[in-house]
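The structure is shown first.

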Amino acid sequence: MLVVVSILVAAVVSPPAPEWDAQFSVPINQTITIHNVTQTSPMMFYYDAVNKVSRQDHGQGQRDEMCRSIAGKEFSEEPCSNFVAPDGWRYLYFHADKDSCCRYCNTSFGCGVIRRDWLSGAAYQGQLTIGGRVCDGWLQGGNEANYYYATADAAQQPCLYYEGYPTFKRGTNMWKYSYAGYKVGPQDPSLFQPWASCNKHCRVVPL
């Protein structure tokens with residue numbers, strides 16, 4: 001008697017990598033670990049791919065690499081912002097002194113707005129439960145490995161992002177996105193407009 005055995009193999013189908021909403025804002029808890037020291041601080045992120053502008057507002061306690069690369073501010077934890085303006089420059093300033101505003105870098109040198117489809121071709125990493133929600137993860141290459149997680153539903157709302165700081169051997173930079181605070185829609189144009197004293201170049205020092 002001939003016995004035919006059928007073996008069913010369940011294929012794991014990875015979901016498509018998310019494409020960011022064209023315009024949104026979201027509060028973020030940023031946790032940076034470097035030299036075995038971990039510090040968390042609040043950040044607000046504004047994104048507008050339609051007008052090619054974006055902004056990061058870092059709160060007290062920040063250890064952001066751009067803020068800390070300004071001469072005289074290498075160890076500062078004071079609130080600091082950087083934003084990509086319509087004129088193609090990324091500006092940076094410290095909240096306590098608006099005259100500290102300076103031109104950090106130009107978008108023509110890779111300093112611009114993140115592409116909506118920056119996860120195109122990323123490798124699927126499986127699922128994690130983050131903040132009580134199931135999230136799909138992807139790994140995208142670059143100067144350092146970039147891990148990004150989005151909700152495992154049609155919305156693909158951001159959950160978590162992390163990278164090396166500046167490399168995984170030295171530390172990590174993690175962004176945990178607020179689900180409740182995520183807002184899709186047009187952004188206030190005034191958030192991305194430099195003012196008169198923003199006409200000098202930043203004095204940047206190596207970290």
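## Disulfides

Counting the bonded cysteines along the chain, the disulfides of the protein pair up as 1-2, 3-9, 4-10, 5-6, 7-8. The count comes to five disulfides. The model is a predicted one, and the distances below are computed from its atoms.

| Pair | Sulfur to sulfur distance |
|---|---|
| C102 and C202 | 2.0 Å |
| C105 and C111 | 1.6 Å |
| C135 and C159 | 2.2 Å |

The pair C102 and C202 links distant parts of the chain, 100 residues apart. C102 belongs to strand β6 (residues 97-106), while C202 sits in the segment after β12 (183-184). The torsion about the S-S bond of C102 and C202 is about 95 degrees, so this disulfide is right-handed. C102 counts as buried because its relative accessibility is 4%, under the 20% limit. C202 has a relative accessible area of 12% and is therefore buried as well.

For C135 and C159, the S-S torsion is about -90 degrees, so that disulfide is left-handed. C135 is found in strand β8 (residues 133-140) and C159 in strand β10, so the bond ties together parts that are 24 residues apart in sequence. Both C135 and C159 are buried. C105 and C111 are buried too.

## Overall fold

Read from the N terminus, the order of elements is β-β-β-β-β-β-β-β-β-β-β-β. The C-alpha trace spans about 90 × 40 × 30 Å along its principal axes. Of the 207 residues in the protein, 44% are buried. Among contacts with a separation of 6 or more, 48% are between residues 24 or more positions apart.

## Nonpolar cores

In soluble globular proteins, nonpolar side chains tend to be buried together. In this model, the largest nonpolar core has 17 residues. Those with the most contacts inside this core are W20, F24, V26, I28, F45, Y148 and Y177. At least two residues of the core come from each of β1 (23-34), β2 (37-48), β9 (146-151) and β11 (171-177). Apart from this core lies another one, of eight residues, which includes M66, C80, C102 and C202.

Y148 is one of the residues with the most contacts inside the largest core. Setting aside residues up to four places away in sequence, Y148 touches P18, W20, W118, L119, D136, G137, W138, P158, L160, Y161 and Y177. Two of these, W20 and Y177, are also named among the core residues with the most contacts.

## Two buried serines

Which strand holds S81? S81 lies in strand β4 (residues 80-84). With a relative accessible area of 0%, S81 is buried. Beyond its neighbours within four places in sequence, S81 is in contact with R55, Q56, D57, H58, Y91, L92, Y93 and H95. For L92, eleven residues away along the chain, the C-alpha to C-alpha separation from S81 is 5.6 Å.

S54 has its place in strand β3. S54 counts as buried, at 6% relative accessibility. Not counting residues up to four places away in sequence, S54 touches Y46, Y47, N82, F83, V84, R90, V113 and F192. S54 and L191 are 137 residues apart in sequence, and their C-alpha atoms are 8.5 Å apart in space.

## The largest pocket

The largest pocket holds about 1,400 Å³ of space. Its lining consists of 38 residues, and those closest to the centre are E65, M66, Y161, E163 and N173.

Which strands supply at least two residues each of the pocket lining? They are β1, β3 (53-58), β10 (158-164) and β11. Sorted by class, the lining has 16 nonpolar, twelve polar and ten charged residues.

Definitions and conventions: Residues numbered from 1 in each chain as written. Predicted model: local features only at pLDDT ≥ 70, side-chain atom pairs only at ≥ 80, totals over all residues. Heavy atoms only, no water. Core = buried A, V, L, I, M, F, W, Y, C linked by side-chain atoms within 4.5 Å. Buried < 20%, exposed > 50% of the residue type's maximum accessible area, 1.4 Å probe, protein only. Helix = DSSP H or I, 4+ residues; strand = E, 2+ residues; numbered from the N terminus. Contact = heavy atoms within 4.5 Å. 1 Å grid on protein atoms, 1.4 Å probe; cavity = no way out; pocket = protein on both sides within 12 Å on 5 of 7 lines; lining within 4 Å. Points joined across faces, edges and corners; volume = space filled by probe spheres on them. Nonpolar A, V, L, I, M, F, W, Y, C, P; charged D, E, K, R; others polar. Disulfide = S-S within 2.5 Å.
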